[in-house]
Each structure stands twice: as C-alpha cells, then as structure tokens.
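Biologist: Hello! Could you walk me through this structure, one question at a time?

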Amino acid sequence: MSPELECPVNTQMAIAAFRGHLSGDHCGNKRMDRKYSGRRRVFVQTETGCVLCMELERSDNAHTVKRKLQLALNVPTEESSLIYGDMVLKNDLSAVRNDSPLLLTRNFMHRNSSTPCLSPTGKDLHLRDQSSPIEILAHTNHFSKTKQLVKKIIKSIKIGIDPIPVRSGLGGAYYFRNCKGENVAIVKPTDEEPYAPNNPKGFVGKALGQPGLKRSVRVGETGFREVAAYLLDYDNFANVPCTALVKVTHSIFNINDGVNRNKNQEKERISKIASLQQYIPHDFDASDYGTSSFPVSAVHRIGILDIRILNTDRHGGNLLVRKCDGTGSFSQVELVHIDHGLCLPENLEDPYFEWIHWPQASIPFSDDELDYIDHLDPFHDSEMLRMELPMIREACLRVLVLCTIFLKEAAAFGLCLSEIGEMMSRQFRGHEEEPSELEFICIEARRLLKRRKTLCNDVKAGVGEEYQFEIDCEDLEFDFTLNMDKKLAAKSLSSESKKESVDEETESEENVTPFRSDENVSPTWCRAPSFSTLSMSMKNISIGEKSWRHEVKMQKIGCLAGTSSGNRSVNEQLPGSTSFVKLADMNEEEWMQYLDNFQKLLYPSFNNHKSGSAGQRQKQRLGTSCRF
C-alpha cells in the first residue's frame, strides 16, 4: 500500500476540551481534509447489491467510475449519484481511500412508486471482478486475526467445502467453514439484510441507503456497525469476536430476480459486500438460561460497550454463553456478545438493554472498570473510525461522542450500570413514548444553544442594549436560579460536610461566579453549574414538552403523508420510531458548544436521578428488540 494512504490517527484530538470548555480547534470536514492520489482500489455497489472491484486512476472522476460500472454490469447510471459515507462525489475523488466501498444510488427526485428497481440479470453475473474470493476492506493491522481466518476459509472453498445458509433470523447469513468442515465465520451480506433488495426470507424492501428495521439505521449499513463495535472494543475488553468488512464472492448468495432459482443449472458466483465475524462455539444463549450466575465483570463490560455505542438491540439471543470448566456444569461461564448491526444510530434512539434489570447491573463498577472508562477518548474513537470505516456517517460518530461522555461522567459521579441504562431508556405513559432523561438533557442543551445564538445575534444587531454589559458573544455564560437545585442537592447528599460544600458553592454562584474549583469535588463535576430549569424538567417533564410532542405529531403526519394509496411496501409498514434528538443538523462550531452545554447539565441531572426526584412514576419497558 502506498505510504500516502497510511495517514496516522490524530491522537491529539480535543480530549482537553472534554475536561473543560470544548473548543473548535478540531472543526472542519475531516474526510475532505485528507487527500489521496495515485492508484487506488474501490468496491462500487449498486442499490440492489451488485459489486464491482475497480482500480482508480489519477484521471478518474465520478463520471468515469459510473461509466465503468455501466459497461461492466450493464446497469443504468443516468440520474444517479456516487455516495461515499455522507459525501456525494462529483468530479474530485481525492477523498476516497484505498479499498473503500462506494454506493451508486438513484437520485431521490427521480424515484417514484413506478420507478423500476435495478436488479442484476444473468448476463450481469458473468461480469463480476476477478479478485480473490474474500477481500478485507481494511487499512491497518486491526484485522490480523481476521486475515488468518480468511486464509483458512479460502483454502476450504478451493477444496469444495461450501458455506451453509443460516435458517434463523430475518436477514441472510451464512456459515463459512474450514477444511475440517467446522463453522469458523458467519457472513452477512449487506444487500440481504431485513428490507434489503436481496433478502432471502421474504423481508424485501427498498433500495440500499433507505430507512431500515430501525429508521435511523439505513438498509445496507448494519455491516460496518458490526465492525465498528469490534474496533471500539479495545483490548478485547467486552469480548467482541473479530469482525471485518469484506468483499466476498460465492455462488451461495441470494439474488431476488429468479436467476439463482433454477436448481438444474449451476449457480453463478456473485460478489457482495458483507460483514465477516468469527464464529464462536457456544452452549446456549442468555435467553435459554438463568442470568443470575453470569459473572458480574462480564455483564459490566458488555454494558459499558452497549452504552458507548447506544445499542438498540441487546437481547438475550445475541448474548452467547459457553461453559469454561469443560465438565458440563454451569458454575463458570463466559459471555460473548454478537449482532451489533443496530448500534450507533444516526439519531438518539431508545436503546434496548436486556441486562438493565439483572442484579449484576446494580453492583458498582470495579476500580479496573472505572479506570477503563476514565481512559476512553470519544474524539480519538471518532477519528479512528473515520480512518478505518470511511463510509460511516458523521451523525453516528456524534452519537458515539455523546454517549461516551455521558458514560464517563455518570461513572465518575458514582452511578452504576443499571442507573445509567435507566437514564438512557425511554418510558411510556399511556400509549405515548416519552423522552429519556438523557434525551431531556439533550433537549435542554439544544435550547441553551438556540438561546445563546439568539442573544448573540441581538447583541451584534444592536438589539437589547440592556444585555450588552453582561453578554460577551465570545464567552457567553448564563444566569441560573438555585432554589430547586439547592433542595435537590440537600436531599442527595447525606453527610453534613457535603451539605456545607453545596452551601459554599451556592454562595459562590450567587456572587455571579458560574464555575468553581473545589478540592472536595471531582474535577469532572466542578465545572457544572446548577440548572433549576433542568431540575424542574426532570421532575415535571416540562422542558419543551409542547415542542417535542408537536414534533412527534408532525413525524406521524409525515409518515402517513408518505404512504402510498395502493399496496404498501414493507418499509411503509414499519412503525416509525420517534426521534426526539437529532445531532446531524449542527455545524462544527454549534456541535462543540452543544457538547459544552451538555456536559454542564450532567451533574445536576445525575444529582436529580440519584435523589429520586426524576422517574418516580412507575416504569414500563416495552420490548423493542429486533432479533435477527
């Protein structure tokens, strides 16, 4: 690989900003900042799953790539766009890394209910690239174990040992085997996911890139999320099996146009982009056995990763259990968690944490676990994923940053795993879904951001002169009333010394000193001022209630408006999940200020939750797991 392609991960990201005020030092489009030249290999995928490996020349642009694809696969490329993560590629392809997947999509304005869906034909299947049966789409040594696994699989394929389709689940999946016939990997093609065009189990929906099983996880994008979970599991802390994104070619795969339905003819080899994960032999899953005997550390480690990546589908079926002692008894077991395709949504979603009510989740974190959490760096994590998975969307990375900050601050405050999970999970009042405590914090952080922007605009426009002596747009601070927080703090702190500390802090803040350093208070908390407005919102569910209820109503109306009058497609039958918090519509400067507001709101929120003033109503969790 060319040295130009080995751009090191920037480890000097704004972790200092996480310790204090977040700055805009690292703003900008990080993908566009990197330029790559010379020969590169890319894997271009159509909406319906066709994949072509091609070499990019220096002179190539998006038009020439489309032309090559049209000649090779005989697919129309008019009114189409070449997509690279969040970017629509025009003429310049210098942002595209070596071995990156690209997606060719039809432009939305030209697609309607009568637009024919592009599907590969028998002729197309003869025009696949002639690369290796399995190619890892990777750039570093993160996938050294997977490379050894791939070598074993290729060797077995050459001697005629074919994969076996997995009968369970909603999506297409295949067990790939070694030379002994043992299952060693599970492969999930992106175009065979639930509601993808080539799903083999009847769950066929729209084209790749459209809303999927979870509306903030697009069809065809669960594969790289599986890889992201593995990459974020540093030092195999949570025991995620090695996973990689691959281009894999085999005749076992499904195409939904009848080409491979004729059993009397030999199937053609089909190239697909898929996730490949090491197969872990196991005895059962967590839904088949009592959870009380599971190791506390294993549950904690799984929960820590689930919180970081906002896993919306952690059910018992994707927690594998295997016996460690080899005697047949269940005195010692090991937990292995799989199926992370529904993590890192583009918006804050309602997570599903199976472990949230397990007794292990109520036990405080150990010192080792707290040390691991303390050393997590969400900005470094985001930069690493941009390098390893260039197709990942910025909105997903913002969810990662937000949830990691939330985890770090909550653990430092002293919350246990179950308490953190409860604050992230939504509740139901009657038939209505309400924002979680985490989402309420985000709603308030956004409100403060809008307030700051409005006040700054007023100052710059010369409006509201009475504010000019106390507002500086470069370093805007807010005044906060303290009555409610003083009461909450007094209820939550049991010792007299802590009460005295709170009183001193109150006096300091009343003297218009918004931040205070106290040697008796954790450094990650001391910058957080008190917000009576947040306390009231967590107690009375009042922050922006009309606003978010109106948004939910408009989302439902929009969903109905987009429904065709005739037969509805599978996607139209999906229940629309409500998004109370969206992060993608902020620019970099707004995002950094938003995170600053978010962090300041955390301490009073944790205090509020700990004191029991939030969530006194009976909690009712509705299962939203999507077992596939």
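Modeller: Asp-339 sits in the loop that runs between strand 14 (333-337) and helix 7 (367-374); helices (H or I, at least four residues) and strands (E, at least two) are DSSP runs, numbered from the N terminus. This is a predicted model, where local features need pLDDT of at least 70, side-chain atom pairs count only at pLDDT 80 or more, and totals for chains, interfaces and linings use all residues. Residues are numbered from 1 along each chain as its sequence is written, and side-chain values use heavy atoms, with hydrogens and water left out.

Biologist: Does Asp-339 count as buried or exposed, and at what relative accessibility?

Modeller: Buried means under 20% relative accessible area, exposed over 50%, and partly exposed in between (1.4 Å probe, protein chains only). Asp-339 also has a positive phi of about 60°, although it is not a glycine. Asp-339 counts as buried, because its relative accessibility is 14%.

Biologist: Where does Asn-239 lie?

Modeller: Asn-239 is not a glycine, yet its phi is positive, at about 70°. Its place is the loop between helix 5 (222-232) and strand 10 (243-250).

Biologist: Thanks! Why is one side of strand 2 and of strand 4 left without a neighbour in the sheet?

Modeller: Two strands pair if DSSP finds at least two bridges between them. The open sheet has five strands in the order 2-1-5-3-4, with mixed pairing. Strand 2 (51-56) and strand 4 (87-89) are at the edges, so each has a single partner strand.

Biologist: Which residue of strand 5 is the bridge partner of Phe-43?

Modeller: Strand 1 (residues 40-46) and strand 5 (residues 100-106) run parallel, joined by five bridges. In strand 5, the partner of Phe-43 is Pro-101.

Biologist: And which element gives the most to the lining of the largest cavity?

Modeller: On a 1 Å grid over the protein atoms alone, a cavity is a set of points where a 1.4 Å probe fits but cannot get out, and lining residues have an atom within 4 Å of a point. Grid points are joined across faces, edges and corners, and a volume is the space filled by probe spheres set on the points. The largest cavity has a volume of about 270 Å³, and among the residues closest to its centre are Gln-45 and Leu-103. With three residues, the element that gives the most is strand 5.

Methods: On a 1 Å grid over the protein atoms alone, a cavity is a set of points where a 1.4 Å probe fits but cannot get out, and a pocket is an open set with protein on both sides within 12 Å along at least five of seven lines; lining residues have an atom within 4 Å of a point.
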